[in-house]
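Hi,

Here is the structure I promised to pass on.

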Amino acid sequence: MMSVKKVIALFLGLFFSITLWAQSDFSTAYFKVHINDKGWITSMKNTTVIPAREFSPVDKPSPVLSLYNSQKKTYYLPVTATYNKADKSIQLRYDNGSVAKVIISPKKKYLKFTLQSLAPRNGVDVIQWGSYHTNITNLLGEIIGASRDTSAAVNYAIGMLALNDNTLGGTAETVADAAPFQYIIHSPDSARYPLPATLHEGQVFSLGGDGISDVAFYGHKEPYYRIMYGNAAEVDGKGRISITYQSRDRTIAREVNYSLIPHMAANTPNHISVEPLSGVDYIGSSIALWGSPDSTALMDVVQNIVLSEKLPYPTINGKWVKDPTAFVPDAITSGNLNDSIISYASRLGFKAISLYDQGFLRPDRANNGYIDGRNFETKPIHMTSGNLSHKTFSELAAKHGIIIGRTTITNALAPGTLDASPVPSDSLCYQQKRLLTVEIQPGDTNIVINDPRYLEEIASWEGHCPNLNMVKIGKELIHYLGVSKEAPFRLLQVQRGYWNTHPTSHAAGDTVYKLQVTVNYGYDGIIPNMALQNEIARYYADVCAINGLGYYDFDGQEFLFNNGHGYYSAKRFFRKMFERATELGLPSIRFTGATLSEGSWHYQSIWNVGGGKNLYDATTREWGSTTSQGKDLRDVTYANYFPVGMGGNFPVTSSSTAAEYEHIQAISVGLGTTYSLYLNQKDVESCPQKDAIFNVINTWERARAANAFPRWVKAAMADPANSFHLETIGTDEWNLYKINKDGSQKQLFTRLKSKK
C-alpha cells in the first residue's frame, strides 16, 4: 500500500507538472514571449533594451496554432491551453473538438514549436502557425516570414523559419500553396512615403502589362507599391506586419483552382486535381520563432537556426551563400567565343561562368546526364583553337577555382525527350482525369468523354497556350481545343499523334488525362508527377557530376508550382537535387532562377533574373529606369535577407569606363547585391579600359570578401547619389575615397581593414 507521503508527493508532482496555463513566458537571448491560458501570444518583447520594447499589438493577440478546414473554408482558434512542464508541451483545445499537443523547446536564440499530435481531426486538413501579429510597420519579408524595423531607433526583427519540408511560409488558405504574385500597398516609412488619399495599407493590385511579358509585370515605381513573392508576411489596414507558416495533410486528394497571377485575364486559374502524397502530413510540423536586433539577425540568429536544425546550408568559398561577404558577381557569356572567358572571370575575382549563349538545357533522361554524348563527342563551346565539350571546358575553369553552368527549363519535359515523346511517360502530372466512352481507331477524331467539366480550359494557368492543350490516352498525346456543350461530350479540333506520338486504338473505358503543361516561347513542356520530378532533380545533379557543371539558371522555376503542391514541390525538388549531389561528392550547386520562394530560399544562392536597365541603370543610377523591376526585386530580396540581384547587366564594351564600375561595385557592396556581368569577347577586347575595369572590380571584390566594410560605410555606398573610389594600400588594407560623379576631387572617406 502506498504511504501518505508518497500519495502527497505524487499529487504535488502532478499538480506542478500539469497546470492550467496562467503565466507562461518563454525566452531566448534577445526575445521574450508570453502565452496566455487560451493559447494566444499576448506579448513579444525585445529584451536587449531597457525597458524591454513590446511588439505584440494590444488589440491583436496571436494564436499559437490555428486549424483550418479547407472544405468549409473555416479557421478554428484555440480556446484553452494546458501546460505540461514535464515534457514542455501545451495542449490546445478548439471549439470544433480537436485537441493539439505542441512541444515548445526554448533554444538560446530561438523558440522551437513542434506539433506532436492532433485528435480528433474533425475535417482539419491544414494547420497554421499564427498568424503572429506585430506592431512593426517597416519591412515585411513575405518569403521567409519576417517583420523588420531597420531604423536606428528600433533595429529589431521578428521572424519564423520552417524546420521541415512540409511546413511552408504562408497562410492555410493559400490556393495550391503558392501565394498570388501581385502588388500590395505598404509604405515602409509613412513619414517619408505617405500614402495618397486614394490608397490604403494592404490594398491589392494586379501586376502590369498583358500578363505574358514578364518585364511588363513591374509597373509601379512608387515606393509604397510592394510586389509580393509570397504571403509568409502580410500587413493589416494600419500597415502592421504579421507572419505565418502552415502545413498540410498531403495524403488527401484535392482539387484547386490555381494561377500564380490570378488577377490577369491571360493567366486565369485552371482546375487541377492535386496528386496525393503518401506519408506527407502536418503531424511533426515545426517552426523556429525568433526575435533579434535586425542588424545582426541574419548571421547571428538565422544562420544559427539553419545550422542547429540541419537545414540546407549551401556554401561558396567555404562561406554560407547568405553571408554578405560571400556575395560575388558571376560572368555570363555572349557571342559564343570563349577563348578568354575563363581568364576574364579569374582576373575579376569571379567564381562562376554562366554559358547563357548555349541556350536552354532541356532535361532529357535518355542521355543519362551525358549532355555532350557518352564520349563527349559533341563540342558546343566555341574556341578559336577548337571547340570543347562542357567537361573539358569545366576542367580548364576548375584550374582557376571557377565553375561553369547552364540555363535550364527546370522540370519542363520538352517534346522529343525521354519522358515526353514520342513515347510519353506514365508519370506525367495531369489537371483532370476522365474516361473514354466510345472506342476509337487510329484515324478517328471523334473522341467522346464521360464528363466535360473543366476540359474547356486551355493548357496551364501560365499564358493558356493553345499549342500545349493536350490529353494523353495510353501512349498517345492528342491535341484538342474545346469540348462540346451537349452530350455526347466530344473533344473539339482534335489532332491525333501529337508531338510525334503514335496514333493507336483505344477502348471504351480507357483513361483520358488532361495534362498539366508549361508555357510556350521555347519553354514548351509537360509537367512530371512528383515521383518523376524527383528523378529530374537527381538528373540535374548527374549532369553536374558527369560534365563538370556547378551552376544552374532555373528558368521557368515557377513550373515547380504547377502540380498544385506549391512551395513544397520546390523544396522537394531542390532537396532531391542537393541530396544526389552529396551522394556524388559534389559541392553545393550554385543556382539562380526565374523566381524566389520559401521553397527555394535555403537552397538558392542568387537571384539574377532579367537584367539591363530594367534592373539597375548605372547611367541614370536608378533601380529600374525603364520599368520598376529593379526597385521591386530589390525590395523583395532585401526584406527577405537574400542577396539583391542586378540581373544580367553592365556589359563591357568599347565605351565602358572604370569609373562606371566603381559605382556599380559601390552599390553592390553597399546594399548587398550580386549581378551577372555580360562578357562578349569581341566587345571586351575592343574596350581601351578593359584592364582598369578588371582591376576595379577585383579590388572591390577582395575587400568585400575580407569583410572590410562596416555598416555605416555600406549605408553611404548604398545611396546612388554618392560616388566612391577604392584603392589597395597594403595587404588586406584599402583607402575608400569619396569623389564627384565625374571622378574629380577625390577625398579620403575612410580607411578599411580586413575583418576575416
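This is a predicted model: local features need pLDDT of at least 70, side-chain atom pairs count only at pLDDT 80 or more; totals for chains, interfaces and linings use all residues.

Residues are numbered from 1 along each chain as its sequence is written, and side-chain values use heavy atoms, with hydrogens and water left out.

**Sheet with β42, β43 and β44**

This is an open sheet of 3 strands in the order β42-β43-β44, with antiparallel pairing. (Helices, H or I of at least four residues, and strands, E of at least two, are DSSP runs numbered from the N terminus; two strands pair if DSSP finds at least two bridges between them.) At the edges are β42 (723-730) and β44 (747-753), each pairing on one side only. From one strand to the next the twist averages 25°. β43 (residues 733-739) pairs with β44 over 6 bridges, antiparallel, and K738 sits opposite Q747 in β44. Helix α10 (residues 690-705) lies across β42 and β43, at about 75° to β42. (Axes are lines fitted to C-alpha atoms, for helices over the stretch in contact; angles run from 0 to 180 degrees between N-to-C directions.)

**Sheet with β18, β19 and β20**

Another open sheet of 3 strands runs β19-β18-β20, again with antiparallel pairing. β19 (204-205) and β20 (225-228) each have a single partner strand, so one side of each has no neighbour in the sheet. β18 (residues 182-185) and β19 pair over 2 bridges, with Y183 opposite F205 in β19.

**S286**

S286 is in strand β25 (residues 286-292). Is S286 buried or exposed? Buried, with a relative accessible area of 5% (buried means under 20%, exposed over 50%, partly exposed in between, using a 1.4 Å probe and protein chains only). Leaving aside neighbours within four places in sequence, S286 is in contact (heavy atoms within 4.5 Å) with residues including K112, W129, A162 and T167.

**Cores**

A nonpolar core is a set of buried Ala, Val, Leu, Ile, Met, Phe, Trp, Tyr and Cys residues joined through side-chain atoms within 4.5 Å. The largest has 199 residues, of which W129, L289, Y552 and M577 touch the most other members. Helix α5 (residues 530-547) gives the most to this core, with 9 residues. Apart from it lies another core of 13 residues, among them I447 and L491.

Cheers
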